[in-house]
Amino acid sequence: MATKKNAVEQPTTMSELKATLWKAADRLRGSLSASQYKDVILGLVFLKYVSDAFEEEQSVLRSDYEEQGIDEEDIAELLQDPDTYVGEGIFLVPSAARWDFLAENAKGQAPSGAEAGRTIGALIDEAMDQLMKANPSLRGTLPRLYNKDNLDQRRLGELVDLFSSTRFSRQGEFRARDLMGEVYEYFLGEFARAEGKRGGEFFTPRPVVRTMVEILEPFKGRVYDPCCGSGGMFVQSEKFIEDHNGDPRDIAVYGQESIEETWRMAKMNLAINGIEVQGLGEKWGDTFARDIHADTPMDYVLANPPFNLKVWARSEEDPRWTFGVPPEKNANYGWIQHILSKLTDEGKAGVVMANGSMSSNTGGEGDIRARIVEADLVSCMLALPTQLFRSTGIPVCVWFFAKKKGARAGEVLFIDARDMGHMISRAERSLSDEDIAEIAGTYHAWIGSDSAEAAGRQYEDVPGFCRTVPLAEIKEAGYALTPGRYVGSAPEPEDLEPIDEKIARLKGELIDAFDESARLEKVVREQLERLG
């Protein structure tokens with residue numbers, strides 16, 4: 001027993017956790033669909049995290065109280081006070097919700113006297129209830145799906161045993177707060193790949209989110225996402241502030257999500273990261289049908305709406321359609337106008353869109369785009385590389401809006417980053433830190449932000465990569481906003497090889513190719529002769 005305890009004293013690394021998550025998915029595969037088992041597993045990950053974080057905090061507090069000479073009775077009372085754990089993503093975890101209790105009863109509880117037996121699923125559902133009761137910010141958030149008939153209780157018990165081998169910590173190299181963001185992103189990403197396009201409903205690749213956050217720099221104010229998915233935009237905004245030595249309490253997050261399971265996931269994700277979850281509303285809901293933040297102006301908007309949504313709650317009388325009524329069969333310009341309607345007088349926004357949005361004229365979209373451009377609301381158009389999204393092969397771009405553009409009024413910055421990035425698998429591309437810094441740095445140099453001034457960076461057009469374009473030129477191009485149309489081509493590298501040396505080299509390569517061709521022809525003839 002001591003050996004097992006020692007084996008989990010060190011916090012679980014991300015690679016170890018990924019292996020555990022994959023094993024957990026394997027345990028459920030075949031008995032549930034991917035859309036169901038990700039909810040089961042993510043709920044268990046959350047439960048394990050809050051239990052480990054609570055016990056770790058209790059241990060630290062107990063040591064502090066003992067050093068202060070507080071007696072055991074008062075220590076016990078203090079350790080049960082919910083106010084002790086407020087903030088930093090630590091929740092009061094009642095004894096029936098602690099992982100040790102669930103692990104001891106992974107096969108369920110046998111009947112005892114007048115009390116009926118309970119399955120491990122019933123115990124986990126009860127643990128979720130106890131957590132929500134003890135922590136008001138979690139009420140209505142946690143999943144209660146573990147005692148349903150479609151979930152094999154034996155396999156569920158095996159999952160509890162499996163996760164018992166992990167340990168989360170809020171200290172040191174493997175801080176659970178950092179790891180949990182990785183967990184959600186990894187598993188949501190795997191689910192996105194398994195589910196195809198549906199995965200895009202809640203998962204935006206981290207490099208894309210980071211690029212948007214680095215450009216918008218949401219240091220202070222209200223940050224909004226009208227289709228927030230798993231809450232990644234908010235988590236990355238907070239991390240950006242921390243990385244720049246700011247105070248995360250200077251931002252308030254607001255969002256909306258139309259799918260119940262994804263809304264719950266977002267609230268868990270924010271709770272784990274110590275971010276106030278009230279901004280997601282008391283219930284999930286469709287932003288177009290009912291904007292729950294209708295009267296709240298936003299300083300920053302970051303969004304990755306569903307691409308080319310064909311069925312949506314559209315009303316031709318909607319006051320948000322300032323620039324024209326969006327077409328019935330495509331919500332792209334509905335999302336764009338909704339987002340523009342939310343911005344304060346100095347607000348900024350970044351919106352991921354399918355590339356077609358930059359040039360489409362279907363259903364009046366060209367006229368809407370022209371009016372938005374003429375209103376001088378577009379600050380930057382960014383074309384992204386392909387294969388960044390696991391869930392779709394559709395080429396994507398990011399629209400950046402700004403209510404005030406300072407010295408850049410009447411201009412739009414075009415950035416073509418399609419050649420950036422590196423492959424991290426046969427099917428998936430990512431952007432490096434250097435790529436993101438180059439894109440964001442180009443924007444800040446162009447707009448003349450404080451960060452660019454501090455870095456001593458001056459903007460200049462780079463053929464094939466970036467160019468600042470006046471509105472008059474965009475008008476001449478029919479208001480198309482495709483970066484490739486404006487940035488031109490990168491100059492061909494100068495050929496410094498002397499002409500006589502080049503001729504000799506190419507002649508040698510051609511002779512070598514002829515020789516190899518002759519050799520292969522001889523081999524093929526010999527094989528054919530053997531076949532008769």
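**Rings, strands and a cavity**

Let's begin with a charge and a ring: the charged end of Lys342 sits over the ring of Tyr224, 5.2 Å from the ring's centre. Before I go on, keep in mind that this is a predicted model. There's another pair of that kind, where Lys283 lies over the face of Trp284, and here the distance to the ring centre is 5.3 Å.

How far apart in space are Ala294 and Lys342? Going C-alpha to C-alpha, they are 7.9 Å apart, although 48 residues separate them in sequence. Ala294 is in the loop between helix H11, residues 260-272, and S3. Is Ala294 buried or exposed? Exposed, with a relative accessible area of 52%, and the cut-off for that word is over 50%.

Now take another two residues that are 48 apart along the chain, Gln80 and Leu32: their C-alpha atoms are separated by 38 Å. You'll find Gln80 in the loop between helix H4 (72-79) and helix H5 (99-104). Gln80 is partly exposed, at 45% relative accessible area.

Okay, back to rings. How many aromatic pairs does a search of the whole structure find? It finds 14. One of them is Tyr49 with Phe168, an edge-to-face pair with 6.1 Å from centre to centre and 70° between the planes. Why does this pair tie together separate parts of the sequence? Well, Tyr49 is in helix H3 (residues 34-67), while Phe168 is in the loop between helix H7 (153-163) and helix H8 (176-195), so the parts being tied together are 119 residues apart in sequence. Both Tyr49 and Phe168 are buried.

Next up, Phe400 and Tyr443. Their ring centres are 6.4 Å apart and their planes are at 35°, so we call this pair tilted.

On to the strands, and S3 in particular. Of the 6 residues in S3 (residues 298-303), 5 are buried, so this strand is largely enclosed by the rest of the structure. Which strands does S3 pair with? One is S1 (residues 221-225), parallel to S3 over 2 bridges, with Val223 bridging to Tyr300 in S3. Another is S4 (residues 343-354), which runs parallel to S3 and is joined to it by 5 bridges. There, Val301 has Ala349 in S4 as its bridge partner.

Last stop: empty space. Rolling a probe the size of a water molecule over the atoms shows where such space is left. Searching the whole structure for cavities of 30 Å³ or more turns up 1, and the largest cavity has a volume of about 50 Å³. Its lining has 10 residues, and the closest to the centre are Pro385, Thr386, Gln387, Leu388 and Ile394. What is the lining made of? It divides into 6 nonpolar and 4 polar residues, with no charged ones.

Definitions and conventions
Residues are numbered from 1 along each chain as its sequence is written. This is a predicted model: local features need pLDDT of at least 70, side-chain atom pairs count only at pLDDT 80 or more; totals for chains, interfaces and linings use all residues. Side-chain values use heavy atoms; hydrogens and water are left out. Rings of Phe, Tyr and Trp (its six-membered ring) pair if their centres lie within 6.5 Å; planes under 30 degrees apart count as stacked, over 60 as edge-to-face and the rest as tilted. Helices (H or I, at least four residues) and strands (E, at least two) are DSSP runs, numbered from the N terminus. Buried means under 20% relative accessible area, exposed over 50%, partly exposed in between (1.4 Å probe, protein chains only). A charge sits over a ring if NZ of Lys or CZ of Arg is within 6 Å of the ring centre and within 35 degrees of the ring normal. On a 1 Å grid over the protein atoms alone, a cavity is a set of points where a 1.4 Å probe fits but cannot get out, and a pocket is an open set with protein on both sides within 12 Å along at least five of seven lines; lining residues have an atom within 4 Å of a point. Grid points are joined across faces, edges and corners, and a volume is the space filled by probe spheres set on the points. Ala, Val, Leu, Ile, Met, Phe, Trp, Tyr, Cys and Pro count as nonpolar, Asp, Glu, Lys and Arg as charged, and the others, Gly among them, as polar. Two strands pair if DSSP finds at least two bridges between them.
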